[in-house]
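Please look over the sequence and the structure shown below, and then work through the questions and answers that follow.

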Amino acid sequence: MDTLVDSASGQFELNEDQLAIQDMARAFAADRVAPNALAWDRDKHFPADVIRETGPLGMGGIYVREDVGGSGLKRLDAVLIFEALSAACPAFSAFISIHNMGTWMIDLFGNEEQRQRFVPRLTSMEWLASYCLTEPNSGSDAAALKTRAVLDGDHYVLNGAKQFISGAGDSDLYVTMVRTGEDGPKGISALVIPKDAPGLSFGANEYKMGWNAQSTRQVIFDNCRVPVANRLGEEGDGFRIAMGGLDGGRLNIAACSLGGAQSALDKAVTYAAERKAFGKAINQFQALQFKLADMETELSAARMLLYTAASKLDRKTHDASKWSAMAKRFVTDTGFNVANDALQIHGGYGYLHDYGVEKIVRDLRVHQILEGTNEIMRVIIARHMTSQ
């Protein structure tokens with residue numbers, strides 16, 4: 001794509017196809033997501049029916065190959081989609097991102113039989129996918145996971161649990177990292193586990209600060225039997241597969257922060273023009289003008305960093321992982337700060353659910369934690385800078 005910058009908008013100069021993708025996602029979000037987002041959050045409702053509506057629009061396998069129903073798009077295209085969806089609801093957009101990660105892993109690392117068996121029903125959104133890596137005692141140190149899979153004939157028998165799994169109990173497939181061998185990364189394998197696998201169960205839905213529009217539960221394995229035919233790659237390939245998805249996942253969650261923060265800023269600009277204090281609109285006070293100017297500048301900088309990182313990942317540049325980590329760290333921090341400032345501009349009304357800003361603040365806070373905490377992002381960036 002053309003990576004020239006449009007001086008009027010401060011954004012990449014997107015081509016016609018990308019603008020059409022962006023417009024499509026925005027229209028769907030405005031029509032089917034935005035009117036329901038506050039109710040989904042309040043009622044802790046997982047909108048599986050609306051999520052499935054994204055399948056015919058090509059959002060079930062955005063960067064999956066077309067022969068299995070994928071859209072065959074680029075990572076920058078995906079960023080545009082998740083940014084647009086999250087302007088209506090970051091939690092909704094984030095689940096679509098997680099589903100895409102699981103679907104992409106099967107498409108890229110699965111054999112042809114697995115691709116044909118699983119992926120078409122995922123790209124159509126007939127089936128939903130979750131991704132299971134984190135465990136109760138294994139978060140940032142993913143290579144220390146303990147869930148054990150022992151070979152028993154043509155099946156693995158699994159025991160252990162996964163923690164903080166989005167869509168758990170609602171999704172149909174679980175792309176899961178398990179230990180089949182020695183301690184450390186070389187002993188990890190990847191399995192595709194159907195919801196009806198014997199011995200698979202789910203914990204209670206967690207009470208969370210945000211992301212209430214998607215379920216979050218433990219995934220529990222109690223002598224759970226999974227066919228060997230559901231293993232992606234060879235034994236020991238799991239950690240490589242897990243790490244392979246992280247660069248894209250980091251860009252996706254950054255895009256969800258960007259869209260949510262832009263929505264919060266838009267709400268703040270509108271409110272500041274309407275709210276009167278001391279005889280004039282509050283947007284006429286220089287202190288607030290400076291705050292809005294900083295929010296706009298920082299969010300535009302975040303957008304440019306994210307789009308650049310996505311372009312690098314599409315081109316598979318040598319520094320794509322570093323840029324993905326930089327984008328994740330900067331965009332999620334910036335997004336939360338901008339949303340929090342938008343709440344402050346609303347004053348007491350920002351604290352009320354009906355204005356929608358406090359929901360954005362709650363939803364965006366977790367983005368600084370998942371897909372690798374922002375502290376881990378700094379470790380990754382520094383390693384790239386100091387490695388010889």
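Q: Which elements each supply at least two residues of the lining of the largest pocket, and which gives the most?
A: α5 (90-109), β5 (155-166), α7 (238-244), α8, α11 (357-365) and α12 (374-386) each supply at least two residues of that lining, where helices (H or I, at least four residues) and strands (E, at least two) are DSSP runs numbered from the N terminus. A pocket here is an open set of points on a 1 Å grid over the protein atoms alone where a 1.4 Å probe fits, with protein on both sides within 12 Å along at least five of seven lines, and lining residues have an atom within 4 Å of a point. This is a predicted model, in which local features need pLDDT of at least 70 and side-chain atom pairs count only at pLDDT 80 or more, while totals for chains, interfaces and linings use all residues. Residues are numbered from 1 along each chain as its sequence is written, side-chain values use heavy atoms, with hydrogens and water left out, and the element that gives the most to the lining, with 5 residues, is α12.

Q: Which residues are the closest to the centre of the largest pocket?
A: The largest pocket has a volume of about 1,300 Å³, a volume being the space filled by probe spheres set on the points, which are joined across faces, edges and corners. Of the 44 residues that line this pocket, the closest to its centre are Thr134, Ile369, Leu370, Glu371 and Gly372.

Q: What gives the largest share of the lining of the second largest pocket?
A: The second largest pocket has a volume of about 510 Å³, and of its 18 lining residues the closest to the centre are Arg75, Trp104, Leu108, Leu313 and Lys316. The helices α5, α7, α8 and α9 (286-315) each supply at least two residues of the lining, and the largest share, 4 residues, comes from α5.

Q: At roughly what angle do the axes of α4 and α8 cross?
A: Two packed helices are described by the angle between their axes and the distance between the axes. Axes are lines fitted to C-alpha atoms, for helices over the stretch in contact, and angles run from 0 to 180 degrees between N-to-C directions. The axes of α4 (residues 75-86) and α8 (residues 246-274) come within 7 Å and cross at roughly 35°.

Q: Is Met295 buried or exposed?
A: Met295 lies in helix α9. Buried means under 20% relative accessible area, exposed over 50%, and partly exposed in between (1.4 Å probe, protein chains only). Because its relative accessibility is 0%, Met295 counts as buried.
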